[in-house]
Amino acid sequence: MPFDPEIWQITSLSLQVSTAATVISLLIGLPFGTWLALGNFRGRSFILSLINTGMALPPVVVGLVVAMSLWRSGPLGDLRLIYTPAAIIIAQTIIAAPVVTGLTAAALAALDPRLQQQLLGLGASRGQMVWYLWREARLPLLAALMAGFGSVISEVGASMMVGGNIRGQTRVLTTAIVLETSKGEFGQALALSTLLLVLTYLINLALTWIQQKGRKADWSQSIPERGQSAPRK
Amino acid sequence: MIQIRDLLIQRNGLDALRVDFLDIQRGETLTVVGPNGAGKSTLLLALARLLKPSRGDILYENKSLKRWDELDYRRRISFVFQSPLLMDMSVEQNVALGLKFRGIPKAETRRRVWKWMQQLGVESLSKRRAGQLSGGEAQRVSLARAFVLEPELLLLDEPFAALDPPTHARLLEDLSALLERDHRTAVFVTHNLNEASKVSHRIAVFVGGVLRQVGTAKQIKSKPADETVAAFLHEMPQ
């Protein structure tokens, strides 16, 4: 099985669509979450509550809505995207974007609000201020990225509904697991599940390593006592 | 250098600051004193253009802050908060931050950063991360980060309030010497009149969000402008 070209194709497609969906979610969620965290406007709490609800969107509901939109007779039917990898990317983006947005907003809201004023008070432009706030919140932002990727690599409902689980075209690891289980091929299903788990683990291991690397650097040096100053409050 | 005229700042629908008339001269250190909630920090935020007036105006170099390009104006000033608010990076990088914002060349940045780290006695900590500093060290870095910009106007919001008395006294002495040496225009907020008299040329007393009196420590102590100022002086630690 490890050398079965079909398995590699399925694994490669899973990684491609989920990575694409995560990257698009990041491009949407990072600025949108920042706007929600730093903005002060009417309706902000309402939008945040919608985003928080969106973080728990059931993939089958997303799959249904996307399938209806991309169906031939649907409003976006002319694009002929139903049962294509692009349709899976769209559905997965809808699942991951609220996760990235919500966690980005939470990460930035957790920073000291005076940090914005301090950066502006040092002469930062608005863009520089946002960049340095992202930098300051980089560890929770990386967690947002991990959560976004985790939410899409593991979902099956939306991929099945909008991708159709077509062999060689839209079959991804999760839909393949469902198919093998429905055929009673539990050994095959278990092998695919293990592959999915290992892949997810390796990707998260890499992201966690990056996350922890920054944290470790903070404490890698000894802290000699100078004695003349009080501990930081 | 700065003229404040008929200024009203509202926050959350309430009057937070009212100043009918206040001038700050170039090279002067004006200390702003008052009890908690007196509007001292609001004044600094307004001077930094981080709060917009509901009424009235602040003029900088005879030009309303509304007419200044926001970034151009903010890059002429520097702000030090009560909390050092250092970024999660090394001391050297923290001190260089404002210069980086301004696109100052690397060699020039390095020269100025080292000069000011030495002036504030933190050069031995240059590679240390901000999270590893004590309170006094962090506030020295915060001061170096503000002074390195060589700002036209330095705004200091109770920068030593959270420090222990010996560190507080030492830093106040160093700050006073730097302001005096460079003739830098500064507005220094504190709630301690004795501290104010050590640093500043003139003192502005705020009570209840209103500017009550401006003068030297001696003038204020001997002739409080009204009962609120007298009450503040009475309650103030000696």
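Tutor: Let us begin with a pair of helices: the axes of helix α1 (residues 5-38) of chain A and helix α7 (residues 138-153) of chain A come within 9 Å and cross at roughly 140 degrees. This is a predicted model, in which local features need pLDDT of at least 70 and side-chain atom pairs count only at pLDDT 80 or more, while totals for chains, interfaces and linings use all residues. Residues are numbered from 1 along each chain as its sequence is written, and chains are lettered from A and ligands numbered from 1 in the order in which they are written.

Student: Why are α1(A) and α7(A) called oblique to each other?

Tutor: Axes are lines fitted to C-alpha atoms, for helices over the stretch in contact, and angles run from 0 to 180 degrees between N-to-C directions. Angles under 35 degrees count as roughly parallel, over 145 as roughly antiparallel, 65 to 115 as roughly perpendicular and the rest as oblique. The crossing of α1(A) and α7(A) is at roughly 140 degrees, and the two helices are therefore oblique.

Student: What makes α5(A) oblique to α6(A)?

Tutor: The axes of α5(A) and α6(A) come within 10 Å and cross at roughly 135 degrees, which makes α5(A) oblique to α6(A). The crossing is right-handed, and Leu115(A), Gln116(A), Leu119(A) and Leu120(A) in α5(A) meet Met129(A), Tyr132(A), Leu133(A) and Glu136(A) in α6(A). The residues of that contact divide into six nonpolar, one polar and one charged.

Student: How many residues of each chain are in contact with the other chain, and which helices of chain A supply the side that touches chain B?

Tutor: In the interface, 24 residues of chain A are in contact with 32 residues of chain B. Helices α5 (114-121) and α6 (126-136) of chain A each supply at least two residues of the side that touches chain B, and the largest share, six residues, comes from α5(A). That side of chain A divides into eight nonpolar, nine polar and seven charged residues.

Student: How do you know that chain B is as compact as a globular protein of its length?

Tutor: Chain B has nine helices and 10 strands, where helices (H or I, at least four residues) and strands (E, at least two) are DSSP runs, numbered from the N terminus. Its radius of gyration is 18 Å, close to the 18 Å that the globule rule gives for 238 residues, so chain B is as compact as a globular protein of that length. The radius is taken over C-alpha atoms, and the rule is 2.2 Å times the number of residues to the power 0.38.

Student: Why is α3 (residues 91-101) of chain B described as largely enclosed by the rest of the structure?

Tutor: Nine of the 11 residues of α3(B) are buried, so the helix is largely enclosed by the rest of the structure. A residue is buried if 20 or more other C-beta atoms lie within 10 Å of its own, exposed if 12 or fewer, and partly exposed in between, with C-beta atoms placed from the backbone. The buried residues of α3(B) pack against α6 of chain A, together with β6 (77-80), α4 (106-119) and α5 (135-147) of chain B.

Student: Why is Ala189(A) called partly exposed?

Tutor: Ala189(A), which lies in helix α10 (residues 186-218) of chain A, has 18 other C-beta atoms within 10 Å and is therefore partly exposed. Not counting residues up to four places away in sequence, Ala189(A) touches Ile177(A), Glu180(A) and Thr181(A); Ile177(A) is one of the buried residues of helix α9 (residues 173-182) of chain A.

Notes
Contact = placed C-beta atoms within 7 Å. Nonpolar A, V, L, I, M, F, W, Y, C, P; charged D, E, K, R; others polar. Left-handed = near helix turned anticlockwise from the far one by under 90°.
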